Protein chains: 2
Amino acid sequence: MTDQPQVSEQPVDQEQALDGNATEKHLLILMPSGRRGMVEHRKSLLEAARGLGVEIESICGGRLTCGKCRVNVEEGSFPKHGILSGSDHLSPPSEEESLLLAHLHASGGRLSCSAYVTGDLLVSVPEESRAHKQVIRKSATQRTIEIAPAVRQVYVQVDEAQLGEHRGDWGRLQSALSAQWSLENLTIDLLALRRLQMALRQGKWAVTVTLWQDHEVIDVRPGYEEGVYGLAVDIGSTTVAGYLCDLRTGELLATESMMNPQVSFGEDLMSRVSFAMSRSDGLDKMHAAILDALNHLAANAARQAGIRARQIHEAVMVGNTTMIHIFLGINPEELGGAPFALANRDAMDIKARELGLHLHPGANVHILPAEAGHVGADNVGVLIAEEPYHQDENILIVDVGTNAEIDLGSRAAMFSASSPTGPAFEGGQISSGMRAAPGAIERVRIDPVSKIARFRVIGEDKWSDEWQIGAQAPVESQPGHLAAGICGSGIIEVIAEMYLAGIINSDGRILPDPLSERIIWDGRKGAYVLATAEQTTSGDPLLITQDDVRNIQLAKGALYAGVKLLMNRSGIQSVDKIILAGAFGSYIDPKYAMILGLVPDCSLEKIYAVGNAAGDGARIALLNRHKRQEAQEIAHWIRYVETAVDPDFQKEFVDAMYLPHRRDAYPHLVGILPERAAIPDQRGERRRRFVRDQ
Amino acid sequence: MTDQPQVSEQPVDQEQALDGNATEKHLLILMPSGRRGMVEHRKSLLEAARGLGVEIESICGGRLTCGKCRVNVEEGSFPKHGILSGSDHLSPPSEEESLLLAHLHASGGRLSCSAYVTGDLLVSVPEESRAHKQVIRKSATQRTIEIAPAVRQVYVQVDEAQLGEHRGDWGRLQSALSAQWSLENLTIDLLALRRLQMALRQGKWAVTVTLWQDHEVIDVRPGYEEGVYGLAVDIGSTTVAGYLCDLRTGELLATESMMNPQVSFGEDLMSRVSFAMSRSDGLDKMHAAILDALNHLAANAARQAGIRARQIHEAVMVGNTTMIHIFLGINPEELGGAPFALANRDAMDIKARELGLHLHPGANVHILPAEAGHVGADNVGVLIAEEPYHQDENILIVDVGTNAEIDLGSRAAMFSASSPTGPAFEGGQISSGMRAAPGAIERVRIDPVSKIARFRVIGEDKWSDEWQIGAQAPVESQPGHLAAGICGSGIIEVIAEMYLAGIINSDGRILPDPLSERIIWDGRKGAYVLATAEQTTSGDPLLITQDDVRNIQLAKGALYAGVKLLMNRSGIQSVDKIILAGAFGSYIDPKYAMILGLVPDCSLEKIYAVGNAAGDGARIALLNRHKRQEAQEIAHWIRYVETAVDPDFQKEFVDAMYLPHRRDAYPHLVGILPERAAIPDQRGERRRRFVRDQ
């Protein structure tokens, strides 16, 4: 495939032939790259720059239509290069070029396709004129994404239909695309074919052609009409997130997210699978619900960006395997039990209209590949966003949701696993748990002496110890929200702080403390009063119960056991870097994640929260088609470890329930963990010995 | 692409390795082909036959499921080959083979996939077991069509899903298709993917896979389930004809035709184009009408054949360019005026469901290519059915409808043209014209002395001079139908007979004959009484008017001028063979076609009526995918001559209006044409001289 036009029809050659200076050469220097070289007399700047390895954008292929190839001609004296005189070392602008530059309000520049080198020159190529643009993604490792989308546009002039010439309009368009853009073996979407004849005539035989993968014509518009857009979507079990991008510049134009309406058919994946199995219309209902949601999401994102959904020329989808099955209308039944067989593991390309998505009529949907029954395209998205397989350090990636996906390794080898953490980390199965919404406790600090907590709720900047409550208090000191419950990041912090304050020990038991009013007992079970009655919306104290602690221990045990299993399988003793992906990872404090033992020991500065890396991966695959190939290779190369049936997993799980207490396992927590935490309690040691002896 | 399975997993190799006779060879003779050769000890008959160039059918690839590879083992003494003892020179049948043979009621035979050669053998391969079956098509040249459809089925055993193995069901199916059938680089239709998992489990990991072009999986059925069907359709302006075939055997299961419902939007092509141009919903209405008709046609044909329309796995369509444009939902507007630009000339493959056709959900529709704006896929169908481009003789093919398509040439070169004959040949623009229906006069003889005609009507075997009319006549002598009008073949005959009887002269003028009551005059215009008042349903005499004669002259002039233009362009002086295609050609008597000068001079025995050759071409392309490639090549290779704007056409047209009268131009009509016809009348000669002098 050719990314760049073969501008073979430039008038250069002809003029050169007539010109006595044909063999003369001139020095051309291109900024900011600094590339330079000798170029032939009267070569166009566009071609000359290309010859020096600097690609300048051009949609119209030198037809003075698009104005994308604008450059600035620098003049004056340059220390390293001597004096390079500007405008008189270039052919003067033609009337057409001047008109177009004026139209573009860029009369200072020149269009490189129409400016021919006649002497030494220094030229600067502004960012917007560079082909192969890049966008920068902030992540654990900041990196750039080269803009090389699967959809692009070219402007082309087509031979007029003539009596006695029988190629047909599509045949003539193919000839023009071959001659002017070196595009061969093309097909045309039926819907584009239906519009072709009118577009050619309205455009007076000049059209803008939209191509998918330099292979299929998906649109033909009269004249010059620029604009290609793409949508990247992460279909999560709970949340659907969409990113609308300009495919030419890579710019993120709109971010849109919404609840997955399938939630009404079941909160977690297994209940969705059950819904599909238990009702004959179960799959259809969930399939229709997600399509409806995606159509709304696309329409909303388009509105936000000031375009129409019909201008979205491609979409890339990621999601866990169940979500992708349902999205494709495939019954997820087989994912509900061993051997967890996927219908299809590999990447797919399907027309949006075939799926019932209302994007551009010729738009394609690319779905990233999955790795295994429980590790889907969303994890592959995380991988291509973070590229651990290109790095020398051992990297652990944890994407926490109802299921946690875990990746471990480096360029040498990568391993992945899925672990059933359950909903506790998201506030589920916690007595006062709630979603991250105003009033949810998200930060907690406990005084180790008084055992009294201070906390912060979402929607209120002041910590609770600065609140003044009651009619007498000044209005500015009253909190905007009282505590309504506790969200995922809050539950992590409160349990870690309870551990640091000695309220619980390393096996998670709440310890009696007759001196503190904050530790209360109901029969044999203790509970910790996180917020007093007057600090809550309900007027009741907000408690962290023994069961809450146990549920977090189960969740973190499942996660950590998965990590440990991968470390055992890979032979990796310690990790150099930890990446927390997903919304959950963005809100928790890495220190508390480590105190709680969610992750293995690591320097705290080397723990990164990267947000929705799955969505970022979808966006990267949208902007760069080569990353799709990489995704496919990685999905086959990574070694998936099945946790569900691994006997070691059960062993590790039991061990992993304990909170970190061994200095040798968590050297980076020395000085943070309480001293006594270094002494394991009797039951813990017994259990460990039992497991070791087996 | 591989047409035949690589049955590499036969137990043969292993057994051979263990067998001391591995190097021993045996004589195998295959009947009826008579092929023979030495084959290795313990090779399967299936493989051994293939090695000798005899392909035996097999769907299951040696899994003892399909029973398609049955052969008969002949025993006894054969003069040429000595004594070949049968059954003891083959491995004995296994229990599975015996069971399947009994199930097939074929206990006498053997399944060649499971019978291993252990001695010299004579084997006969029955017709139904032969791969590459052929069907015979009767046409101008009787020829055979090799059955090599684009859709075929294979039976395959797939690895069961296992924990820890992550290829996914589609990946496992691909592996199985690669290993057992050498099929690589496959894709799967989304709708087939949706059914895949259930089919694999219902079939206990054995499925029948339906493939299109050995490239796309369009269906997966549990276990062994045989049956692939295809529909060939000729979308004519007036009539839509469909042919439902068994794609495995090539058998024609049902023929179904119906009126094109677009007739209500306009009788001829130009009025359809006008309808599309004059109303915003014109195209949509005609598009919907033809789809509705095609869906009815498919359903009716399927019912006739005892299958369901959903079992039609592929369709091939031909039609004139306007019909194909409308079928595809492309506005035919550009075909309404010069330069008659097609949207697309080349062949297309489109999913039936994308077009709204209710065939198999994964079915493909193949549309044959067109040649030029006025010569469409229907003419390409005629060409691949008749293959004039493979013959040494100069062949003229005339397909008469509202437009006539004309092809002329041989393997050296082919030329084509379209000529606007108008509807006269189909009874249109004729005062008593009617469609070919009961009561229509189809045969006419005129007594040259009395000028009285005898005729035959459709639906009545007796000629009109044997009719006894009136209450006194015996019932068995009364005609079943009186004359209601005259159809296409009748109008040709009556005008030719009028010419032979001297009622009209060679420039078509009705000559006064005061002695005959059959020639009547209304002012300056004459008319011929073909049927008397008592012979007609209306009770009025049935007349052939001077205008009727003129309209036939105009039509035949247009046709003949087109032929002449092609002869001039090609330098072909005389034709060796004439093929009359289309329904019209099937009913007219070639002699009268020549007397009237529809076609140039040719031996009467070398004029053939081949019926709906366009439909036959569609059927051939349906049964043999290689013919599609041939069609594409021919459509590009044939030279199209534009009649509409050729100044020579107008000259030829004027000349061609005359009825044949020069002996040198029609030597084959000597003895048939009236003597005086050899003397051109003055006006004709004048006109000819005038044209020559220009």
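This is a predicted model: local features need pLDDT of at least 70, side-chain atom pairs count only at pLDDT 80 or more; totals for chains, interfaces and linings use all residues.
## Extent of the interface

In chain B, 43 residues are in contact with 43 residues of chain A. The area buried between chain B and chain A is about 3400 Å². Carbon and sulfur atoms give 58% of that area.

## Polar links and contributing elements

Between chain B and chain A, 17 residue pairs are in polar contact. The interface of the two chains also holds four salt bridges. One of the salt bridges joins B:Glu354 to A:Arg353, with the closest N and O atoms 2.5 Å apart.

On the side of chain B that touches chain A, at least two residues each come from helix H4 (168–181), helix H5 (190–202), strand E18 (348–351) and helix H9 (352–355) of chain B. H5(B) gives the most to this side, with six residues. By type, the residues of the side of chain B that touches chain A comprise 20 nonpolar, 11 polar and 12 charged.

## Helix H17 of chain B

Helix H17 of chain B covers residues 647–656. Its buried residues are B:Phe649, B:Glu652, B:Phe653 and B:Ala656. Viewed down the axis of H17(B), these buried residues fall within an arc of 110°, so they line one face of the helix. In general, an α-helix has 3.6 residues a turn, so residues three or four places apart point the same way.

The buried residues of H17(B) pack against strand E22 (414–419) and helix H12 (546–570) of chain B. At the start of H17(B), the backbone nitrogen of B:Asp648 has a side-chain oxygen of B:Asp646 within 2.9 Å.

Technical notes
Residues are numbered from 1 along each chain as its sequence is written. Chains are lettered from A and ligands numbered from 1 in the order in which they are written. Side-chain values use heavy atoms; hydrogens and water are left out. Contact means heavy atoms within 4.5 Å. Buried area is the accessible area (1.4 Å probe) that two parts lose on being put together, summed over both. A salt bridge is a side-chain nitrogen of Lys or Arg within 4 Å of a carboxyl oxygen of Asp or Glu. A polar contact is a pair of N or O atoms within 3.5 Å; within protein, one must be able to donate a hydrogen and the other to accept it, and residues adjacent in sequence count only if both atoms are side-chain atoms. Helices (H or I, at least four residues) and strands (E, at least two) are DSSP runs, numbered from the N terminus. Ala, Val, Leu, Ile, Met, Phe, Trp, Tyr, Cys and Pro count as nonpolar, Asp, Glu, Lys and Arg as charged, and the others, Gly among them, as polar. Buried means under 20% relative accessible area, exposed over 50%, partly exposed in between (1.4 Å probe, protein chains only). The arc is that of the directions from the helix axis to the C-beta atoms.
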